[in-house]
Amino acid sequence: MADATAQDLLITEDDLEESFFGEEPSVAYDPVFVSGDESGRVLIDLMNTLTHGSHPKATDHASGLYTSVVGSVVFHHVSRFGGDTARDIFRSFTDALDTCDGYRMELNDGMQFDVKKETVEPLEGSGADAVVTRWVTTSDHYRIEGSWAVAVRDDVLSFVNVRVPDRTEIHRLARMALDRIVEGTAA
């Protein structure tokens, strides 16, 4: 990230096509693994580590959280790591994605959800180490479709987590985030 900080590489409200407003990332829901595929525990642990920038080898971290009045949500986390840690985390994440079909999680408000993987696919047009995963999250009263995009470039890892109606939006946002990292690391 040469001169660019993790904060410089975040998606902003201006990048979003819906009307979103920024929130303090500390209101993130901090999921806890309850049951299911053990690889689900790995995914949740990695997600929480990326959300909070708490990995011991993280040298820079920033998070953005955006919500809309219709319930769409975009989380974006960018972390820079020492050594090969970014690539190692990406590999751990994709290994867990490959083996995880579903898990049950609990949020900090006590709500529990069943999370089922729909697909894992490469990030369209990225030419990079980047994957998109689509999930369906259900409880007794909810059904939420969401997507994650995880990408690594050099020592930088980007994690985009969205719940938006347009299924192509995750690709657009993830490519934008990756382009920003490429530009920032080339500076």
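How many helices and strands are there in the protein chain? There are three helices and nine strands, where helices (H or I, at least four residues) and strands (E, at least two) are DSSP runs, numbered from the N terminus. This is a predicted model, in which local features need pLDDT of at least 70 and side-chain atom pairs count only at pLDDT 80 or more, while totals for chains, interfaces and linings use all residues. Residues are numbered from 1 along each chain as its sequence is written, and side-chain values use heavy atoms, with hydrogens and water left out.

**The chain as a whole**

- Read along the sequence, the pattern of the protein chain is β-β-α-β-β-α-β-β-β-β-β-α.
- Of the 187 residues in the protein chain, 49% are buried; buried means under 20% relative accessible area, exposed over 50%, and partly exposed in between (1.4 Å probe, protein chains only).
- Among contacts in the protein chain between residues at least 6 apart in sequence, 61% join residues at least 24 apart; a contact means heavy atoms within 4.5 Å.

**The nonpolar cores**

- A nonpolar core is a set of buried Ala, Val, Leu, Ile, Met, Phe, Trp, Tyr and Cys residues joined through side-chain atoms within 4.5 Å.
- The largest one has 26 residues, and those with the most contacts inside it are Leu43, Phe93, Tyr103, Trp135, Trp148 and Leu157.
- Two or more residues of this core come from each of helix H1 (38–52), helix H2 (85–99), strand S5 (102–106), strand S6 (112–122), strand S7 (129–138), strand S8 (143–153) and strand S9 (156–163).
- H2 gives the most to this core, with six residues.
- Leaving aside neighbours within four places in sequence, Leu43 is in contact with Phe93, Ala96, Leu97, Cys100, Tyr103, Trp135 and Trp148.
- Apart from this core lies another, of 17 residues, among them Ile11, Val74, Ala177 and Leu178.
- As background, nonpolar side chains in soluble globular proteins tend to be buried together.

**Where H1 meets H2**

- The axes of H1 and H2 come within 8 Å and cross at roughly 145°; axes are lines fitted to C-alpha atoms, for helices over the stretch in contact, and angles run from 0 to 180 degrees between N-to-C directions.
- On the H1 side the contact is made by Ser39, Val42, Leu43, Leu46, Met47 and Leu50, and on the H2 side by Ile89, Ser92, Phe93, Ala96, Leu97 and Thr99.
- These contact residues divide into nine nonpolar, three polar and no charged, where Ala, Val, Leu, Ile, Met, Phe, Trp, Tyr, Cys and Pro count as nonpolar, Asp, Glu, Lys and Arg as charged, and the others, Gly among them, as polar.

**Strand pairs**

- S7 and S8 run antiparallel and are joined by ten bridges; two strands pair if DSSP finds at least two bridges between them.
- Four residues lie between S7 and S8 in their hairpin, and Ala130 stands opposite Ala151 in S8.
- S8 also pairs with S9 in the antiparallel sense, over seven bridges, and Ala149 has Val160 in S9 as its bridge partner.
- The hairpin of S8 and S9 has two residues between the strands, and Asp154 in the turn has a positive phi of about 55°.

**Two threonines to find**

- Thr85 lies in helix H2 and counts as buried because its relative accessibility is 8%.
- Leaving aside neighbours within four places in sequence, Thr85 is in contact with His55 and Lys57.
- Thr67 is in strand S3 (residues 58–68) and is buried, with a relative accessible area of 13%.
- Thr67 and Val164 are 97 residues apart in sequence and 9.8 Å apart in space, C-alpha to C-alpha.
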